[in-house]
Amino acid sequence: MLVRLRNRRLTAALLLGVISHHLRAEDPPGAFDSSAAWTSFEQLVRRGYAYLERPGIDGNAILSTFAPRAKAARTDAEFIDVLQLVAHNFADPHFVVGPLDASDWAVIPTSSDIFAHYNGKDFRVEEVRAGSDASNQGIRPGMTIATIAGRPLRASIEAITGRPFAQLTPPQVDFALNTALAGHRGQPRSMELIAGQKRKGFTLAATAEQAKRVSSGPMLETERRGDLGIIRINNSLGNNGLIAEFGNALHSLADTRALLIDLRNTPSGGNTSVARGIMGHFVTRDMPYQMHVIPYEARVYGPTRKFVEYVAPFGERYSGKIYVAGGHWTGSMGEGLMIGFDAIGATTVGSELAHLLGALSNETIAGSKAKIDLGTEELFTVPGQPRASFRPCVYLEQAERNGSIDPVVAAIDVESGCQPKP
């Protein structure tokens with residue numbers, strides 16, 4: 001899974017070449033040295049991680065909490081296990097420590113099909129991924145989660161974060177909760193949920209099975225609903241072949257009055273070449289679509305490095321009205337497309353997005369075999385709003401399809417109050 005994520009985000013890594021040159025340590029030596037490895041890891045995070053401090057996340061406190069545990073690790077495997085706890089405490093799906101084995105937790109949102117939230121009293125299902133085993137078995141928003149793998153929710157959350165539940169902030173609790181629902185990599189899951197007064201047990205397939213099924217399927221699908229054309233992208237934003245596939249699909253729908261670009265199934269992100277290859281069909285001139293800030297340079301050298309990325313006209317132009325849909329399984333470059341389309345005047349529709357933080361960099365550290373994925377660029381809308389704070393213009397509490405019911409299409413049918421930007 002980690003290799004797949006890296007491949008999908010290769011362009012982001014290439015864009016960070018200058019940073020990586022400074023951050024990347026030498027190849028790990030033959031003998032494991034926990035103190036040297038922790039020093040290398042801590043320096044990487046403090047200098048390069050773009051989201052060291054944010055609401056609910058105190059990066060300095062997290063590093064201080066786990067430093068003694070990491071330095072006491074007797075083997076590299078134990079050390080990597082501690083670093084995974086650190087990553088979970090940052091509550092950022094882009095922050096992944098590998099190499100991963102069968103006992104590790106699944107990487108979300110790619111390997112997840114239930115999104116839940118702790119409201120201070122109950123652990124409540126907020127959304128269920130379309131076409132997933134959870135959806136097919138009848139798990140629905142509004143259900144309360146009682147146990148996962150026979151354990152109380154608090155115990156599962158403590159196992160994922162390595163800290164007492166009472167010490168965790170709301171973002172940390174929710175991240176660990178959703179990781180627990182995704183389960184261990186490649187392993188079936190069991191859980192009990194409550195709907196009304198009824199308590200029911202569920203045995204669900206490993207979330208990795210859905211990820212593999214999507215990966216082996218078509219890059220996109222098209223549909224017509226009257227004079228509305230729909231292009232659904234199936235987690236392929238990291239495949240450069242999608243650029244031509246999208247152009248062909250758009251040509252087949254050129255006579256429609258309106259187009260819906262559906263990004264609700266893009267949890268693994270992608271690269272900016274594909275994103276610009278898609279957006280280029282909908283502009284007539286160069287237009288800005290997202291802003292980048294690289295904290296490393298300010299932290300190490302002083303001056304801030306900031307730049308705006310543009311999309312240029314490309315391929316056949318579509319002249320109808322544009323809608324772009326996203327939801328809890330719209331991650332990373334999918335979120336970049338949401339803010340990009342918003343910037344160029346399309347109408348965005350959907351729920352909260354996946355909130356994957358920053359452009360991804362892939363790093364190694366000295367003294368260990370650990371491989372680190374983390375966001376080393378802060379990303380913003382063109383006006384300066386953090387990408388993770390972006391909400392679609394036509395906002396829905398739930399955006400996932402359920403059989404023939406599609407809340408996004410229903411919202412488009414009645415949409416009137418969200419005007420495209422000039």
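Reader: What volume does the second largest pocket have?
Author: About 380 Å³. This is a predicted model, where local features need pLDDT of at least 70 and side-chain atom pairs count only at pLDDT 80 or more, while totals for chains, interfaces and linings use all residues. Residues are numbered from 1 along each chain as its sequence is written, and side-chain values use heavy atoms, with hydrogens and water left out.

Reader: And what is a pocket here?
Author: On a 1 Å grid over the protein atoms alone, a pocket is an open set of points where a 1.4 Å probe fits, with protein on both sides within 12 Å along at least five of seven lines; lining residues have an atom within 4 Å of a point. Grid points are joined across faces, edges and corners, and the volume is the space filled by probe spheres set on them.

Reader: Which residues lie nearest the centre of that second pocket?
Author: Ala130, Val214, Asn234, Asn265 and Arg401, out of 17 lining residues. α10 (207-216) and β11 (228-233) are the elements that give two or more residues to this lining, and α10 gives the most, with three.

Reader: How does that lining divide by class?
Author: Four nonpolar, five polar and eight charged. Asp, Glu, Lys and Arg count as charged, Ala, Val, Leu, Ile, Met, Phe, Trp, Tyr, Cys and Pro as nonpolar, and the others, Gly among them, as polar.

Reader: What about the largest pocket, by class?
Author: Its lining has 21 nonpolar, six polar and nine charged residues. The space in this pocket is about 1,000 Å³. Closest to its centre are Phe115, Leu353, Ala354, His355 and Ala388. α9 gives the most to the lining, with four residues.

Reader: Changing topic. Is α6 mostly covered or mostly open?
Author: Mostly covered: eleven of its 14 residues are buried, meaning under 20% relative accessible area with a 1.4 Å probe, protein chains only. α6 spans residues 76-89; helices are DSSP runs of H or I, at least four residues, and strands are runs of E, at least two.

Reader: Which residues have the most contacts inside the largest nonpolar core?
Author: Trp38, Phe41, Tyr49, Leu83, Phe90, Phe95 and Ile372, in a core of 36 residues. α6 gives the most to this core, with seven residues. Such a core is a set of buried Ala, Val, Leu, Ile, Met, Phe, Trp, Tyr and Cys residues joined through side-chain atoms within 4.5 Å.

Reader: What does Phe41 touch?
Author: Leu63, Leu83, Val86, Phe95, Ile365 and Ile372, not counting residues up to four places away in sequence.

Notes: The expected span of a helix is 1.5 Å times one less than its number of residues. Buried means under 20% relative accessible area, exposed over 50%, partly exposed in between (1.4 Å probe, protein chains only). Contact means heavy atoms within 4.5 Å.
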